[in-house]
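Subject: Structure handover

Hello,

Here is the structure you will be taking over. My notes follow below it.

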Amino acid sequence: MIKKFSTKSDAPFAMLLLAPSLLLLGMLVLYPMLSNVQISFLQIPLNPRLESTFVGLDNYLDIISDPEFYHALWGTLWYTSLVVAGSTALGLGVALLFNREFRFRKTARSLIILPYVMPSISLVFAWKYMFNNSYGVVNYIGVDVLNLTDTPPLWFDNPDSSFALVVLFAIWRYFPYAFISFLAILQTVDKSLYEAAEMDGANAWQRFKIVTLPAIMPVLATIVTLRAIWMFYMFADVYLLTNKVNILGVYLYKTAFAFNDLGKAAAMSVVLFVIMFVIILIARKRVNLNGNS
């Protein structure tokens with residue numbers, strides 16, 4: 001005889017089992033968030049012996065009137081959009097190429113994911129060496145071998161070229177995540193669907209639009225959402241590569257630890273959270289509408 005359990009009677013026991021995880025989650029996530037909100041209303045002195053001063057909304061008003069914040073916000077939106085679009089498109093293209101049998105496919109797949117699994121610091125220094133103004137291999141090939149220019153470009157000394165390099169670095173560094181995700185879902189698509197579409201006269205683009213795109217749409221939405229969040233808050237890669245690109249993550253770090261304004265930095269992080277939360281809600285809503293249509 002199978003005993004049926006009541007959902008209501010099992011609820012206290014379920015909450016008891018979840019209590020340690022919820023407590024740990026609250027300590028690691030909720031408490032820092034609430035503490036950050038509290039700091040955003042304070043003016044914290046450098047001397048730890050002095051008490052903090054409550055300034056209300058002054059830190060938020062300072063952000064609203066700060067032109068450097070809007071400059072960093074605009075740069076972050078461009079950076080996030082380009083990296084998300086580039087890494088997603090490159091990952092999908094490579095996944096489509098690898099979604100077929102060929103010799104040494106496993107070896108090639110392992111090489112492709114290397115940029116994603118290697119430490120950021122080693123990759124950053126490799127790129128800084130390649131694009132070094134004096135002895136970089138890129139300038140050597142472009143100037144001494146191919147004679148494309150008479151003078152070597154100063155890659156990390158120019159804001160425009162620095163921005164292009166940090167975008168290219170992020171695309172190359174993070175496209176393997178999209179590649180792995182797309183390849184996993186592509187291998188689950190029934191090959192007979194492609195054969196049926198081909199028999200009906202569909203070309204390669206039509207087969208992709210009719211068969212592939214609907215299958216990968218949930219994965220595509222997840223990749224774009226997660227990558228947008230990660231890139232919007234990016235700090236380490238850009239800060240290590242160059243000091244010429246001032247995105248929000250870098251500007252927040254400078255505000256907190258270079259300008260020693262912890263209250264404004266905390267208020268800035270709250271504003272960034274609200275902006276990203278709204279963007280995600282809009283994006284998910286559009287994806288759901290497209291999926292239901």
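Predicted model: local features only at pLDDT ≥ 70, side-chain atom pairs only at ≥ 80, totals over all residues.

How do the residues of the lining of the largest pocket divide into nonpolar, polar and charged? Four are nonpolar, two polar and five charged. Here Ala, Val, Leu, Ile, Met, Phe, Trp, Tyr, Cys and Pro count as nonpolar, Asp, Glu, Lys and Arg as charged, and the others, Gly among them, as polar.

Residues are numbered from 1 along each chain as its sequence is written, and side-chain values use heavy atoms, without hydrogens and water.

The protein chain has an average pLDDT of 85, and 94% of the residues reach at least 70. Confidence is highest in helix α3 (residues 67-98), at a mean of 93, and lowest in helix α13 (residues 262-292), at 78. Helices are DSSP runs (H or I, at least four residues), numbered from the N terminus.

Back to the pocket. Among its lining residues are L96, R100, Y194 and F208. Helices α9 (191-199) and α10 (204-232) each supply at least two residues of that lining.

Next, P176. This residue sits in helix α8 (residues 159-186).

Last, N132. It lies in the loop between α6 (120-130) and α7 (137-145). Its side chain reaches the backbone nitrogen of Y135 at 3.1 Å.

Best wishes

Terms used
pLDDT = per-residue confidence, 0-100. Polar contact = N/O pair within 3.5 Å; in protein donor to acceptor, adjacent residues only side chain to side chain. 1 Å grid on protein atoms, 1.4 Å probe; cavity = no way out; pocket = protein on both sides within 12 Å on 5 of 7 lines; lining within 4 Å.
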